[in-house]
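Welcome! Take a look at the sequence and the model first, then read on.

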Amino acid sequence: KHGGMNEFVTDFEENEWKIAHVHHSSLELNASEHLLQGWRDTVESQGCGYVATVMFRDPLSHTLSLHKHLGRFSQSHGHKIDSEEYMQHLKSPNVIGIWATQLDYFLYNFLNRNPYSVDKETKVKRALQLLRDHFDIVTVGNHEGHMKAVLRATGWPELHMQTVNVFKKDIQFTKRQIENILQLLRDNGDIDLINGVQILYKDLF
């Protein structure tokens, strides 16, 4: 909750770290830029460091992985989402639905895939502007690089963490479906977003 976050970023004690994680049904960044800046200003006014980070994935990899997750989740609720139903949602850019691409999720969270009916260039430009102005560490599918950047920014020691979130089964899509997904991701702006991120943050890769 935003009110809770406003309180969370105040009254730091000496050598105290606080970590906030934004996830589902939380912050619509497109309309919450003032909150991002306000939290940073509050923290830094206390003489503390503020580090905002985000890690994206390859758009196709993210889309296929999300299909796997939603299929498993929906099956447990009595209706297994198949590939065609999943792709149909991707073709409907202005609906409240079961999932969002990385670009839409970053801007709007679960509000809607494109609540303001803007074109892809507008969405990509807005996302890159938010990243440039409010995020310190931005990576694409580079866990090692992301970790090292966070450690440099915080001075934390490196700790070994076991990888447990691994899917070892096959994900079934046809070549035509993959081609269609890639085209839909291009049309939505996700490919342009990741290309832009890799250019803006090339020194982190």
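This is a predicted model: local features need pLDDT of at least 70, side-chain atom pairs count only at pLDDT 80 or more; totals for chains, interfaces and linings use all residues.

Helices here are DSSP runs of H or I with at least four residues, numbered from the N terminus.

- Most residues other than glycine have a negative phi.
- Asn-15 has a phi near 65°, which is positive even though the residue is not a glycine.
- Asn-15 is also exposed, because its relative accessible area is 73% and the cut-off for exposed is over 50%.
- Ser-117, likewise not a glycine, has a positive phi of about 50°.
- You will find Ser-117 in the loop between H5 and H6, and at 56% relative accessibility it counts as exposed.

**Salt bridges**

- Side chains of opposite charge can pair when their charged atoms come close.
- How many salt bridges does a search of the whole structure find? The search finds nine, and several of them are described here.
- Lys-123 forms a salt bridge with Asp-104, and their closest N and O atoms are 2.8 Å apart. This pair links distant parts of the chain, since Lys-123 sits in helix H6 and Asp-104 in helix H5 (residues 102-108), 19 residues apart.
- Are Lys-123 and Asp-104 buried or exposed? Both residues are buried.
- Asp-133 pairs with Arg-132 in a salt bridge, with 2.8 Å between the closest N and O atoms. Asp-133 is partly exposed, at a relative accessible area of 34%, whereas Arg-132 is exposed, at 55%.
- Lys-175 and Glu-179 meet through their side chains in a salt bridge of 2.4 Å, N to O. These two residues are separated by about one helical turn because they are four residues apart in helix H8 (residues 175-188).
- Lys-175 is exposed, with a relative accessible area of 63%, while Glu-179 is partly exposed, with 37%.
- A network of salt bridges links Arg-40, Glu-44 and Asp-136.

- Lys-120 belongs to helix H6 (residues 120-134).
- Lys-120 counts as partly exposed because its relative accessibility is 24%, and buried would mean under 20%.
- Which residues does Lys-120 touch, leaving aside those up to four places away in sequence? The contacts are Arg-186, Asp-187, Asn-188, Gly-189 and Asp-192.
- Arg-186 is 66 residues from Lys-120 along the chain, yet the C-alpha atoms of the two are separated by 8.9 Å.

**A nonpolar patch on the surface**

- Trp-17, Ile-19 and Trp-156 form a nonpolar patch on the surface. Together, these residues have about 360 Å² of accessible area.
- Where does Trp-156 lie? Its place is the loop between helix H7 (143-154) and H8.
- Trp-156 is partly exposed, with a relative accessible area of 32%. That value can qualify for a patch because patch residues need over 30% relative accessible area.

Key: Residues are numbered from 1 along each chain as its sequence is written. Side-chain values use heavy atoms; hydrogens and water are left out. Buried means under 20% relative accessible area, exposed over 50%, partly exposed in between (1.4 Å probe, protein chains only). Contact means heavy atoms within 4.5 Å. A salt bridge is a side-chain nitrogen of Lys or Arg within 4 Å of a carboxyl oxygen of Asp or Glu. Patches are made of residues with over 30% relative accessible area and no salt bridge: like charges are joined within 9 Å, nonpolar side chains (Val, Leu, Ile, Met, Phe, Trp, Tyr) within 5 Å. Accessible areas come from the Shrake-Rupley method with a 1.4 Å probe; for residues, only the protein chains shown count as cover.
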